[in-house]
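Thanks for coming. I have one structure to go through today, so let me put it on the screen.

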Amino acid sequence: MIYLVIKTLHIFFVFLWISGMIMQILSLHVGKTLPGALLPQEIARLRCLIKYDRFVVAPAMFITIGSGLFMALNAEWFHYTWLQVKIPLVVLLAAIHGVHSGKIKRMINTSGSDISFNTVRVSIIFLSSILIIIFLVVMKFI
Amino acid sequence: MEGSTLLLLIGIAVPLKYLANTPELVQLLGPIHGAIFILYLWSFLNTSVQENWNIRFIIMGCSAAFIPFGGFIVSKFVQNTLKG
């Protein structure tokens, strides 16, 4: 029963984490695309996004990882290939989240002038990582 | 924290597993170290991108997590950089 509860929480927090990362990517894309310096209203919106990231998205990420490790320990999945492939992808997503959080903070500090961001490349890496993770979890035990 | 768990893992848990045939500590510490490693990587990348650090230093900082005592050295360097 506890395993099912943890699994439910794991999937719930995955949704929170990934949706937060999509918001980050969209915000960075808009910040990069719109010409000129950031307006005060845009900066205020980005500060709200940072707060949301700090209190919802980042904790969701850590709870996702923690609950995932709990399930893997309980079910003894660490020697299965699917999990060994999944773990680096999760690390990659966490790294991308960290980088994007830093970029958004930097965007506020420099008023948007000093940020490099390639929406297409980031989106491909991000979405394909998620797709592969879902495939691995659905297929399991390969 | 990351440096400490790495030292515990490779200094105590792994020798116990192979010399004393007790793998339980590795099974416990391994995932804990993994989670803390992700936390370290996330905070390091967050700070380094925000402060616009050199790419070479970012790579060195990420690689230091795999080396014993590397985390402590990076932590000291980051503290000095942020102070000055």
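In which helix of chain B is B:S43 found? B:S43 sits in helix α2 of that chain. Before going further, please keep in mind that this is a predicted model.

On accessibility, B:S43 is partly exposed, because its relative accessibility comes to 30%. Next, take B:S43 together with B:C62. Along the sequence they are 19 residues apart, and from C-alpha to C-alpha the distance is 11 Å. B:C62 counts as buried, because its relative accessibility is 18% and the limit for buried is under 20%.

While we are on cysteines, how many disulfides does the structure hold? Over all chains the number is 0. In chain A, A:C48 counts as exposed, because its relative accessibility is 53% and exposed means over 50%.

Now chain B as a whole. Its secondary structure consists of 4 helices and 0 strands, and from the N terminus the order is α-α-α-α. The chain has 84 residues, and 38% of them count as buried. If you take contacts in chain B between residues at least 6 apart in sequence, 51% of them join residues at least 24 apart.

One more residue in chain B is B:N52, in the loop between α2 and α3. Its phi is near 60°, which is positive, and the residue is not a glycine. B:N52 counts as partly exposed, because its relative accessibility is 45%.

A:E76 lies in the loop between α2 and α3 of chain A. The phi of A:E76 is positive as well, about 55°, and again the residue is not a glycine. Is A:E76 buried or exposed? A:E76 is exposed, because its relative accessible area is 56%.

For a contrast within chain A, look at A:S129 in helix α4. A:S129 is buried, because its relative accessible area is 4%. Leaving aside residues up to four places away in sequence, A:S129 touches A:L89, A:L92 and A:L93.

Next, the interface. How many residues of chain A are in contact with chain B? There are 20 on the chain A side, in contact with 14 residues of chain B. Between them the two chains bury about 1,400 Å², and 76% of that is on carbon and sulfur atoms. On the chain A side, A:F62, A:V91 and A:R106 lose the most area to chain B, and together they make up 30% of what that side buries.

The largest pocket holds about 870 Å³ of space. Its lining has 35 residues, and those nearest the centre are A:H10, A:T64, A:K86, A:V90 and A:I133. Which elements supply at least two residues each to that lining? In chain A they are α1, α2, α3 and α4, and from chain B there is α2, the helix that also holds B:S43. The largest share, 8 residues, comes from α1 of chain A. By class, the lining of the largest pocket has 27 nonpolar, 5 polar and 3 charged residues.

The second largest pocket has a volume of about 470 Å³. Here the lining has 18 residues, with A:A95, A:I96, A:V99, A:H100 and A:K103 nearest the centre. At least two lining residues each come from α3 and α4 of chain A, and from α2 and α3 of chain B. The largest share of this lining is 7 residues, from α3 of chain A. The classes here are 13 nonpolar, 3 polar and 2 charged.

How many cavities of 30 Å³ or more does a search of the whole structure find? The search finds 1, and the volume of the largest cavity is about 40 Å³. It is lined by A:Q24, A:L49, A:I50, A:D53, A:S101, A:I104 and A:K105. Of the helices in chain A, α2 and α3 each give at least two residues to that lining. By class, these lining residues are 3 nonpolar, 2 polar and 2 charged.

That is the end of my part.

Note on methods
Residues are numbered from 1 along each chain as its sequence is written. Chains are lettered from A and ligands numbered from 1 in the order in which they are written. This is a predicted model: local features need pLDDT of at least 70, side-chain atom pairs count only at pLDDT 80 or more; totals for chains, interfaces and linings use all residues. Side-chain values use heavy atoms; hydrogens and water are left out. On a 1 Å grid over the protein atoms alone, a cavity is a set of points where a 1.4 Å probe fits but cannot get out, and a pocket is an open set with protein on both sides within 12 Å along at least five of seven lines; lining residues have an atom within 4 Å of a point. Grid points are joined across faces, edges and corners, and a volume is the space filled by probe spheres set on the points. Ala, Val, Leu, Ile, Met, Phe, Trp, Tyr, Cys and Pro count as nonpolar, Asp, Glu, Lys and Arg as charged, and the others, Gly among them, as polar. A disulfide is a pair of cysteine sulfur atoms within 2.5 Å. Buried means under 20% relative accessible area, exposed over 50%, partly exposed in between (1.4 Å probe, protein chains only). Contact means heavy atoms within 4.5 Å. Buried area is the accessible area (1.4 Å probe) that two parts lose on being put together, summed over both.
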